[in-house]
Each structure stands twice: as structure tokens, then as C-alpha cells.
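Welcome! Please take a look at the sequence and the structure below, and then we will walk through a helix and some rings together.

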Amino acid sequence: MLFFPALVLVSPQLPTGVKRYLKFIELPLSQRKFCQRCQQLLLPDNWGKHQEHPVVGDVSITQLKRPSQLLYPLENKKTNAQYLFADRSCQFLVDLLSTLGFRRVLCVGTPRLHELIRLNASGDKKSNFKSLLLDIDFRYSQFYMEDSFCHYNMFNHHFFDGKAALEVCRAFLQEDKGEGAIMVTDPPFGGLVEPLAVTFKKLIAIWKEGQSQDDNHKELPIFWIFPYFFESRICHFFPSFCMLDYQVDYDNHALYKHGKTGRKQSPVRIFTNIPPNKIILPAEEGYRFCPLCQRYVSLENQHCEHCNSCTSKDGRKWNHCFLCKKCVKPSWIHCSICNHCAVPDHSCKGPKDGCFICGELDHKRTTCPNISTSKRANKTVSKQKQRKSNKMKLETTKGTFMNHTSVTRQKKRRERAHQYLCS
């Protein structure tokens, strides 16, 4: 919960970010400012450095409780693109977690879910629902105390604040001998599944340390939110996981929106080790219970009597192929050359076997005896390209210099002509 001015006592042992936050909420509303360019809460001592920057004034306690709406989402797609749950999906998750009886939620890369849990808890004095956020975005450290946020890299299980942060996480997971805890994670979709699985298994191991020997067989409940086409990879590392039909949507993503149909539907799903018959999906959004599969499925996900399952993964009705002996996407057709179903305009050649350098079939590129020759050839081509690029730059610079000289000469001629006419 957020602290109010009358209750604040700033201890000298607190981290710098926490001290800054406690000082900030003690300020009168008119002095609470947030720099949009630097994405930073401003104390009066900082105002001078941010005079030329766009600044939001009168930052309320309500705004401080929803920092994801105050901060700009990170948008570097190659490193840390940040997509935030839409309110619909976020509220569904909070309601589901509460219905399932969980009391503590470890939010790994889910800042908006963390906000909503804390917001609901602060409005209900009887609530014992709480969460801990582990996130790579250090900007959130401005808004949370050290027991509710840890600066964390989920790809290598690294706590940036060292052992102290690790102990915060450990205490959170092992509270009440691990009872009532669940992990909800929404990793970047461009990340590899394997390093994420390794990290999550380390968090599971921390949770298991607090278990008694009798409960050693239990698993930490997990919601892993990821696109459906990673199902085989996720289930390879976590065989007890199954995929739910619920479509997760995001506020700031152009494609992953609720209400779209066909191929434009959000591909993001929830993978979990909780039995699917315990998870009720909202009927008002078109989900229904399949008595044969004993789980909730999307409206168009029809039960296939041949596969004995509701087979659709993407929200559309899939068709059964008797030659492949399985259901496939409605746009796929059976290819007699490839001997399996594929998109109509696919290439039947398949991947090339053997070495990509010399073409021989008895070895791969990495063990090719001609690899050094290939590297030299590539190096020569790179040098030629570099020389050509440098030559073009030189010519451009030279042309610019000559143009500048020509303009200067013309200007001098005009000045001399003007002086002659005026004399």
C-alpha cells in the first residue's frame, strides 16, 4: 500500500529511491511534478534542471498508484518492447486469482497486474491479497517500496540489488510455507523459451525450499502468458502445463486487441499447471464449457470426435484431415508431395540437406574444410563494399565542398556588381 504523509518516517537505512518517494508524497499536491522526458518524479531541488522539459503537475496519490499510466511504455522492439495488459484482461486475471483462492502473486514482468492487485487491496481493509513485482524496468523503483518491487532480469535470474532483493523474493514465496502463492509472468515474445524456463525453475526451487518433506510433490502454481504457437516448446520444459483458450489483449499493441475475428484475433494465451476444469472463462465473451474435454473453450473451437478434443488453437474452427489424422487450420490443404497439410502456396522443396558452403551431404557448414576459404571470400567482399561506401562518402563530401565554393563565388560576384551599380 502507498504511505500517506502523516505516517511517513524516513529512515537513513532506506535505499535512495525509497527515500525520494517518501519525500515526494509528503509534498503538497501543487509541488508534486513528473518529468515526461526523463520519466522521473521531481523534488523541488530538481525543478531547475527540468525547466525546458514537458512536466506533469499536481500528481495525485491515485496517479502514483497507477505508474504504468504515468510512464511511457518502452518501445525498443529489439531489446525491451513493453506491452501492457488491457483493463479487460487485467481485471479477468485479478478476479480469477481471487476466485482460485490465491493470496500472494509473484508478478514477473506484469506491472499492470501488480498495480491492480495493490489497488484492490488498498480499497479493502479486510483483504490479504498482495503481490511482488519483479521487472527489468527500473523506473518502477520510484513508485514502490523495496518489499513490493525488485529490479530483475528474468532471462538470467539476476537481481540487480543483489542478495537483499533475492531475500525479499524468497520471503515472499516461502511465507505460510508457500501456501496461497502463484507466479504470473508475461515475458517478451521475442525471448527464447529455454532461458525463461531455466529462470522459472529457479524461482520454483526457491518456493520449494519453504515446503515440508510431505509437500515435496507439490508444484508452484503458474500462469505463463505467451503466444499459442510456443505451446510445444513450453510443454517440453513443463509437461504438466496446458494451454487455456482465453485470449489476452494489450492496450498499446496494434494487433493484440479484443473483439477481432478470424486471423486477426490475439494469439496470446495462458499456459498453466492448474487443472483447466477449475478455471472458468467469461461466458459474456463467448467462452463455453465443453463437457467432453472438461474445460472452457472459445465459441468456434468445436469438439472433434476423431481427435476426441477441442483442437483449435487460434480461436477459429479447425478442420479434421483424415490423411494427417489430426485437425489443421481452415486455410491449410493436404499436400501429396510433402505428405502433410500446409498453406496452399508453400514450397515443397523443404530445407536443404548437407553443407551450405560446398554442397556435400556428409557434413554441415560448421565442419566444412572449405570454411576458411569461405570466410576469406566473405571478408574480401566486405572490404570491397566498405571501400565502395567510403568512396561514395568522399565523392559526396567533395561535391558538397565544390558546391559550397561555387555558391561563395557567385555571392562575391553579386556583391561586386551591387557595389558597382551603387557607385
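How many residues does helix α4 have, and how far does helix α4 reach from its first C-alpha to its last? Helix α4 (residues 87-99) has 13 residues and reaches 18 Å. This is a predicted model, where local features need pLDDT of at least 70, side-chain atom pairs count only at pLDDT 80 or more, and totals for chains, interfaces and linings use all residues. Residues are numbered from 1 along each chain as its sequence is written, and side-chain values use heavy atoms, leaving out hydrogens and water.

**Helix α4**
- Helices (H or I, at least four residues) and strands (E, at least two) are DSSP runs, numbered from the N terminus.
- The reach of α4 is close to the 18 Å expected at 1.5 Å a residue, where the expected span is 1.5 Å times one less than the number of residues.
- Among the buried residues of α4 are Ser 89, Cys 90 and Phe 92; buried means under 20% relative accessible area with a 1.4 Å probe, protein chains only.
- Just after α4, Gly 101 takes a positive phi of about 90°.

**Aromatic rings**
- The structure holds 14 aromatic pairs; rings of Phe, Tyr and Trp (its six-membered ring) pair if their centres lie within 6.5 Å, with planes under 30 degrees apart stacked, over 60 edge-to-face and the rest tilted.
- Phe 189 and Phe 226 make an edge-to-face pair, 5.8 Å centre to centre with 80° between the planes.
- Phe 189 lies in the loop between β8 (181-185) and α7 (193-209) and Phe 226 in strand β9 (residues 222-227), so their pair ties together parts 37 residues apart in sequence.
- Both Phe 189 and Phe 226 are buried.

Terms used:
Buried < 20%, exposed > 50% of the residue type's maximum accessible area, 1.4 Å probe, protein only.
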